[in-house]
Amino acid sequence: MKNLINLFAAILFIAMSMSLVAQTPELIPYRKGNKWGYCDRNKKILITPKYEDVNPFSEGLAWVQLNGKYGFINKDGKLVIPCKYDDVEDFEEGLAKVQLNGKWGFINKDGKLVIPCKYDDVRDFKEGLAMVYLNGKWGFINKDGKL
């Protein structure tokens, strides 16, 4: 019985270890000096550190900061949305919050501004709606920007 318990514990340990490895992102933010890029689990650099700041990937894209502005790269390291925003957040439900000149809006994964930067504050989309703050009042918009 003791051998059976030890065998079960060993199998459980291996399964948990494999699960943790599977959960580790394939591209991990990596800093070299004062620049950021991405590496794999073995610290092999996959995207050259050249950014001021980076974030983990969300929905296939990651925001990066270059020359004080934010944009998005894909997993190949290609800048797919130019670094032109004052601030950004991760993609949620296919849209990302972006800030220009102190106002917030949303872009899609092609970089198209689908909801203009006119809000004082915004929250992420959840179940197709996002909270927005404008002129001292909160409300909700859909993904077409309709209040």
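Let's start at Tyr133, whose bridge partner in β14 is Trp138. Move along to Leu134 and you'll find its partner in β14, Lys137. Keep in mind, please, that this is a predicted model.

These pairs belong to β13, residues 129-134, which runs antiparallel to β14 with six bridges between the two. What sits between the strands of this hairpin? Two residues, and Asn135 takes a positive phi near 55° in that hairpin.

Now let's step back to the sheet around the hairpin. The sheet is open, with three strands in the order β12-β13-β14, and the pairing is antiparallel. Which strands form the edges? They are β12, residues 121-122, and β14, residues 137-142, and each has a pairing on one side only.

As a quick reminder, strands in a sheet pair through backbone hydrogen bonds, in either a parallel or an antiparallel way.

Let's turn to another sheet, please. Here we again have an open sheet of three strands, ordered β1-β2-β3 and paired antiparallel. At its edges are β1, covering 28-32, and β3, covering 45-51, with each pairing on one side only. How much does this sheet twist from one strand to the next? The average is 30°.

Within that sheet, β2 covers residues 35-39 and pairs with β3 in the antiparallel sense, over three bridges.

Technical notes:
Residues numbered from 1 in each chain as written. Predicted model: local features only at pLDDT ≥ 70, side-chain atom pairs only at ≥ 80, totals over all residues. Heavy atoms only, no water. Pairing = 2+ DSSP bridges. Helix = DSSP H or I, 4+ residues; strand = E, 2+ residues; numbered from the N terminus. Axes fitted to C-alpha atoms, helices over the stretch in contact; angles between N-to-C directions.
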